[in-house]
Amino acid sequence: MLKVNNLSGGYGGKTVVKNMTFHVEKGRILGILGPNGSGKSTLLKMISGVLKCETGEIIIEEKPLKSYDNKQLAKKMAVLPQLNASAFTNSVYDAVSLGRYPHQSGFFSSWTEEDETTVQRAMESTGVSQYKNQYLEFLSGGEQQRVFIAQALAQNSELLLLDEPTNHLDIAHQKQILDMIRMQVEVHGLTVVSIFHDINLASLYCDELLLLENGEVRAFGEPHEVVLQEQIADVYQARIATYPHPELPKPQITMLPTNEMERKAAAIHINKFQITKDYIEYQAQAPLKVISSAVHNAGIGWYDTLLNRSIAPEYDIYNVKEETEHFLKERKFSPTNTVVMLTAVETSCAAIRHFSKNNAEILVMVTAGVGNSVDVTKTYLREEEPHIGTINTWVIINGKLTDEAFIQAMITATEAKTKALADQQIKDAVTNTIATSTATDSLLIAATQQGEEMPYAGPITEIGKLIGRAVFEVTIEAIKKYKQHYNK
């Protein structure tokens, strides 16, 4: 649909865009990224024909841009610039109707049913139909932006050029506009070239990205090829981290402060544990980075309260979300700042110890309800519903772990727990083989994220050795407490 070959150009004798080459296929969205002054708007103006090229060429549907007259080009291409100003007062309906001008034989002398339908559809898809009789100057900036997008859509062109289409819009309307544009692309084969400042939105909605740096192409390709941590950090001169979108195979970024923001000291202390009849609580001095398989706030996040809650064997596990939130609010815990695990074991059976060696320091808490232990290699022989039982393990580390270290710490802790079950000859009652876990074990790794970075936590690292020993010993202690209590 659009080909740009060795394009150069700019303003007043200054070359802003330098030797750019890329292409956009029909029915695709290309997002243009780059810091301020990198040439994004200049490039868009050259593609639209507002600025002439110094060298190179722009080809639209196999024809050079310069071969189109203004009206022909308007039928092929619609442009939404970053700033829109009305020279005279327009109603929303009139402003959107201007998009149909390229399709008229005279100034609205041939207005057709198709024109009217197209205008109405454009207003509906952008959510501005309710304002159709209002004047533009009485609308908010975000509402005006949606009107101008509706105008561009009413033009019904095959190529749409957008300069910051979500400027002035809140997140609900950003989603509405970009979802609507995505639908036009997928259903009607519209081709879109758009400038974005928001890298996450560009990655989420675009098929390809063009990353500019000092007027040149730094990278061109699919989002996973362009949104690379080191590359984005280098181009924007900013500290960032990348992570996968939770639902789509698209990279996302988060900004990091240039200098680490001052954080409250978060040293770990065993006296921060509180044990009541209903739960075991660890209250951190400052939020800990946590990865867990908890029933409440599972996954990765920052939390300062950890709860291991003792529940009755007949607890309704299928209503756990609502019941847990009620439990937390009733006891004045913050639902968004608390991780909760469940166990049928009484809190008096918990084993808690502190371990340290050289620069490594950890706290380990285990409750080991092994009455319903299973051999994971034989569970395919079972038909019954999962039992609550559970071995819950917490490993709280005074240190700064990488993502890799968090995962390795989970593996190391799990291996140590399994070894403890073997040591204590805990068996699967169905198969009479050595158990490896219970049906509903849960694990939590938390770190203060302060101090020297720990890149790995495998079994031969300093922190891994400590985790292995600590989880093994504390799990054995918890198993013995459980047996002593429940075998009375």
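Lys332 counts as exposed because its relative accessibility is 75% (exposed is over 50% relative accessible area, buried is under 20% and partly exposed is in between, with a 1.4 Å probe and protein chains only). The model is predicted, so local features need pLDDT of at least 70 and side-chain atom pairs count only at pLDDT 80 or more, while totals for chains, interfaces and linings use all residues. Residues are numbered from 1 along each chain as its sequence is written, and side-chain values use heavy atoms, with hydrogens and water left out.

**Loop residues with positive phi**

- Lys332 is not a glycine, yet its phi is positive, at about 65°.
- Lys332 sits in the loop that runs between helix H10 (320-330) and strand S16 (338-343); helices (H or I, at least four residues) and strands (E, at least two) are DSSP runs numbered from the N terminus.
- Gln237 is not a glycine either, and has a positive phi of about 50°.
- The loop between helix H9 (229-236) and strand S11 (240-244) holds Gln237.
- Gln237 has 65% relative accessibility and therefore counts as exposed.

**Helices H11 and H12**

- Two packed helices are described by the angle between their axes and the distance between the axes.
- The axes of H11 (residues 403-423) and H12 (residues 462-486) cross at roughly 40° and come within 8 Å; axes are lines fitted to C-alpha atoms over the stretch in contact, and angles run from 0 to 180 degrees between N-to-C directions.
- H11 and H12 are therefore oblique to each other (under 35 degrees is roughly parallel, over 145 roughly antiparallel, 65 to 115 roughly perpendicular, and the rest oblique).
- On the H11 side, the contact (heavy atoms within 4.5 Å) is made by residues including Ala409, Ala413, Ala416 and Ala420.
- On the H12 side, the contact residues include Gly464, Gly468, Val471 and Phe472.
- By class, the contact of H11 with H12 has 10 nonpolar, 4 polar and 3 charged residues (nonpolar: Ala, Val, Leu, Ile, Met, Phe, Trp, Tyr, Cys and Pro; charged: Asp, Glu, Lys and Arg; polar: the others, Gly among them).

**Thr126**

- Thr126 is part of helix H4 (residues 113-126).
- With a relative accessible area of 0%, Thr126 is buried.
- Leaving out residues up to four places away in sequence, Thr126 touches Arg146, Ile149, Ala150, Leu153, Gln176, Ile177 and Met180.

**Trp302**

- Trp302 belongs to strand S15 (residues 299-310).
- Trp302 counts as partly exposed, at 42% relative accessibility.
- Trp302 and Ala447 are 145 residues apart along the chain, and their C-alpha atoms are separated by 9.5 Å.
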